[in-house]
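This briefing goes through selected features of one protein model. Please keep the sequence and the structure in view while reading.

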Amino acid sequence: MSIETLLNGESKNVEYKLTPPSRSINYTKTAVAFANGQGGCLVFGVEDQTLRVVGIAEDKVFTVMDSISDAIVNSCEPLIIPDITMHDVNGKTVIVTEIAPGLQRPYHIKSLGQEQGTFVRVAGTTRQADQPTIRELTIEGSNRSFDQVQCLGLSVTEEDIEALCASLTKTAKDNAEDPSKVKTVTEKQLLQWGVLAEQDGQLVPTNAYAILTGNAAVRSVVQCGVFKGTTKAVFVDRREFAGTPQELIEESYQYVLRNIHMGARFKGVYRQDVYEIPPDAIRELIVNAIVHRSYIDHSSIQIAIYDDRLEITSPGRLPMGQTIERMKQGYSKIRNEALASAFEYMGYIEHWGSGILRVMQEVRDAGLPEPEFLGGDTDLRINIYRNGSETGSDDGIVTGLRRDSLSDDGIVTGLRRDSLSDDGIAEGTTSKTNAAPNAAIAVLPSQKERILDALRKNTSISISDAIRVLGVQERQAQRILKSLIEEGSAVKIGAARATRYAEAKKRTEPYE
């Protein structure tokens with residue numbers, strides 16, 4: 001890292017000290033944090049608030065360098081050997097102490113012990129590590145994968161193994177283009193992946209086995225929620241899913257689809273559903289969160305749907321050697337080796353490292369802002385921003401419907417209550433082709449006649465049927481239906497979610 005870059009301000013990998021503090025722990029704990037993370041530099045002789053270069057007195061430079069080196073070497077465990085250099089900045093000398101990422105994690109302050117003396121970098125600051133983080137650092141330091149470690153307290157039978165093999169094989173065949181080419185999973189394969197292990201001649205389950213079978217011995221939960229506005233202050237709906245990875249993927253994926261907007265393109269009499277966020281991108285992010293999350297951390301994966309974005313948060317710091325920048329470039333760092341192997345077999349992962357690149361491309365192709373990647377120190381959060389919830393068709397029709405408001409034949413069966421007027425007519429839909437959405441548009445006699453013709457041919461119709469018949473925006477369809485109701489040619493049947501419209505003279509029983 002160049003001296004110019006080092007002087008651009010404090011960050012996750014850079015910290016300033018005006019002078020070496022009298023208590024060396026004030027910088028040795030940062031050295032520990034750097035060693036436990038991606039490495040970093042302590043820069044002495046720079047004021048952190050103003051970035052003013054004060055420098056170290058020339059007659060004290062070598063003494064200061066020696067004292068910094070001694071403090072770090074003597075205070076930290078395992079041994080941390082810093083690379084200390086001095087640099088001239090506008091005639092003033094600054095001391096740069098570089099700490100490389102450590103391989104013998106967790107590093108800690110000897111005098112404080114491992115539990116109290118382990119530190120990590122979080123959002124550019126040095127913080128004491130919690131127990132899940134220390135456990136994860138320990139796993140990294142032993143060059144093991146947590147999911148390949150024996151799951152204590154859990155046993156397995158031959159029937160259990162056969163059931164898991166059958167489940168994984170079924171999923172792989174369901175996801176395969178040619179199921180006949182899928183090889184059946186065997187006990188030997190589970191051993192090779194690390195889903196099972198051998199101990200004293202006996203097969204024992206690992207943490208990956210617990211995860212793949214949905215066993216509560218290893219917490220694997222996805223929390224989903226819909227929130228009003230752009231914060232978690234007011235929630236509209238929330239669900240919590242537990243079970244096997246296959247169940248978690250499908251249930252959370254369907255939850256998102258049910259709660260984001262969907263438009264419709266019509267080509268002749270055929271309807272094509274178009275989601276505001278590409279479904280493949282949603283599914284890919286959910287799969288990535290489940291396979292790459294930290295299972296040492298007992299937090300849940302969280303999927304939050306706000307008015308302006310879809311937010312997916314995966315527990316756990318990024319694995320050793322991984323950064324957000326490298327991730328966006330397609331670099332893959334596998335945290336859970338056994339799970340990754342099983343997911344690849346089942347067809348959830350095509351090529352390691354390509355998933356995030358595909359998500360970014362699909363989101364760009366949909367005309368949405370590039371996904372936002374946040375965190376990495378304690379968890380990873382990915383945001384996909386919604387583009388005004390507008391989905392247009394080739395002929396300018398916009399419906400803005402949610403997935404759960406559609407029946408199997410594409411007819412509206414129940415819009416969400418907050419999107420309905422008192423007449424049960426959907427409101428608030430916008431169109432990119434409508435320059436003045438609130439302007440009054442005349443109701444033409446020919447439009448009324450087309451709706452009446454549809455009413456004569458059908459027992460009842462919905463607002464979406466009216467849009468399809470007329471080829472107009474939803475707001476104009478609302479006006480036309482309202483006009484027919486006021487003149488007595490049509491009637492409203494039902495209310496809210498069940499609202500439909502019928503020709504007035506066709507009804508013989510009392511109206512609701």
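The model is predicted.

**The sheet**

- An open sheet is built from 4 strands in the order β1-β2-β5-β4, with mixed pairing.
- Its edge strands are β1 (14-17) and β4 (83-89), each of which pairs on one side only.
- From one strand to the next, the twist averages 25 degrees.
- The pairing of β1 with β2 is parallel and runs over 4 bridges.
- Glu-15 has Leu-42 of β2 standing opposite.

**Helices across the sheet**

- Helix α2 lies across β1, β2 and β5 (92-99). Relative to β2, helix α2 runs at about 160 degrees.
- Helix α3, residues 61-75, lies across β2, β4 and β5. The angle of helix α3 to β5 is about 15 degrees.

**Aromatic pairs**

- The count of aromatic pairs comes to 5.
- One of these is formed by Tyr-27 and Phe-44, whose ring centres are 5.4 Å apart. Their planes stand at 90 degrees, and planes over 60 degrees apart count as edge-to-face, so this pair is edge-to-face.
- Tyr-27 belongs to helix α2 (residues 25-36) and Phe-44 to strand β2 (residues 40-44), so the pair ties together parts that are 17 residues apart in sequence.
- Both partners are buried: Tyr-27 has a relative accessible area of 3%, and Phe-44 has a relative accessibility of 0%.
- Phe-343 and Tyr-348 have ring centres 5.5 Å apart.
- Phe-343 is buried at a relative accessible area of 0%. Tyr-348 has 10% relative accessibility and counts as buried because the cut-off is under 20%.

**Charges over rings**

- Lys-232 places its charged end over the ring of Phe-227, at 5.7 Å from the ring centre.
- Arg-238 has its charged end over the ring of Phe-235, at 4.1 Å from the ring centre.

**Where the topics meet**

- Strand β2 carries Phe-44, pairs with β1 and has both α2 and α3 lying across it.

How values were computed: Residues numbered from 1 in each chain as written. Predicted model: local features only at pLDDT ≥ 70, side-chain atom pairs only at ≥ 80, totals over all residues. Heavy atoms only, no water. Phe/Tyr/Trp six-rings, centres within 6.5 Å; stacked < 30°, edge-to-face > 60°. Helix = DSSP H or I, 4+ residues; strand = E, 2+ residues; numbered from the N terminus. Buried < 20%, exposed > 50% of the residue type's maximum accessible area, 1.4 Å probe, protein only. Lys NZ or Arg CZ within 6 Å of the ring centre and 35° of its normal. Pairing = 2+ DSSP bridges. Axes fitted to C-alpha atoms, helices over the stretch in contact; angles between N-to-C directions. Contact = heavy atoms within 4.5 Å.
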